[in-house]
Amino acid sequence: WLPVDNLNTDGIYSGAMTYRDDVSREDMAAAAMENYDPTFTTIAKPGDIIVSGLNFGTGSSREQAATCLKVRGIACVIAESFSQTYVRNAINNGFICLVCPSLVAAVRTQFARESASTVVLGELSLNFELATATLGGESYAFMPLGQVPQEIIVAGGAENVVAERLAASS
């Protein structure tokens, strides 16, 4: 749980790293969220799901703010709402973003007294067929992904979709 609204792309991925061509996937993963919470890398584990507030990913249009979480091993981000540019970059890079205001409201209430920047929620499971997130025995409906975003995510990103279609047409 990242108890913050309007988490901008500088918080997710340092602007100081954006225009560097020499950043490895490992360095990119290590930089995920360092401007928001320097302890994030010691807390977040591969397969974790981030839950956050309103307007996640606001700010610049750099796609590294989505790809750094993907290479860090974060399974997806669930938020009350997203910057549409962030969602577009995430999907184009094969990373899942889900809108689930009811889950965010429940987590806000449950963890209102926590002061940490990153809070461990416990086990959160997703059922994509039913479009539900389950936490603590309670289920919350999220907005299902459309067919095109699903295809792009399953393919691992838009570049892979284009490559597959070009290969099929030759």
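Which residues lie nearest the centre of the largest pocket? Keep that in mind as you look through these close-ups of a predicted model.

**View 1. The largest pocket and its lining.**
Here is the reply to the opening question: Trp1, Asp48, Ile49, Val120 and Leu121 lie nearest the centre, and they belong to a lining of 17 residues. The space inside this pocket comes to about 300 Å³. Two elements, α4 (40-43) and β1 (49-52), each give two or more residues to the lining. Of these, β1 gives the most, with three residues. Sorted by class, the lining has 13 nonpolar, two polar and two charged residues.

**View 2. The open sheet with parallel pairing.**
From one strand to the next, the twist averages 20°. Look closely at β1 and strand β2 (residues 76-79): they run parallel and are joined by four bridges. To find your place along this pair, look for isoleucine 50, which stands opposite valine 77 in β2.

**View 3. The open sheet with antiparallel pairing.**
At the edges sit β4 (124-127) and β6 (138-141), each pairing on one side only. The twist in this sheet averages 25° from one strand to the next. Helix α7 (residues 101-110) packs on the sheet and touches β4, β5 and β6. The direction of α7 makes about 135° with that of β6. Within the sheet, strand β5 (residues 132-135) and β6 run antiparallel, with four bridges between them. One handy landmark is threonine 134, whose bridge partner in β6 is serine 139.

**View 4. Helices α8 and α9 packed together.**
Two packed helices are described by the angle between their axes and the distance between the axes. For helix α8 (residues 147-155) and helix α9 (residues 158-169), the angle is about 90° and the axes are 7 Å apart. Zoom in on the contact and you will find Glu151, Ile152 and Ala155 of α8 meeting Ala158, Asn160, Val161, Glu164 and Arg165 of α9. The residues of this contact divide into four nonpolar, one polar and three charged.

Methods. Residues numbered from 1 in each chain as written. Predicted model: local features only at pLDDT ≥ 70, side-chain atom pairs only at ≥ 80, totals over all residues. Heavy atoms only, no water. Axes fitted to C-alpha atoms, helices over the stretch in contact; angles between N-to-C directions. Contact = heavy atoms within 4.5 Å. Nonpolar A, V, L, I, M, F, W, Y, C, P; charged D, E, K, R; others polar. 1 Å grid on protein atoms, 1.4 Å probe; cavity = no way out; pocket = protein on both sides within 12 Å on 5 of 7 lines; lining within 4 Å. Points joined across faces, edges and corners; volume = space filled by probe spheres on them. Pairing = 2+ DSSP bridges.
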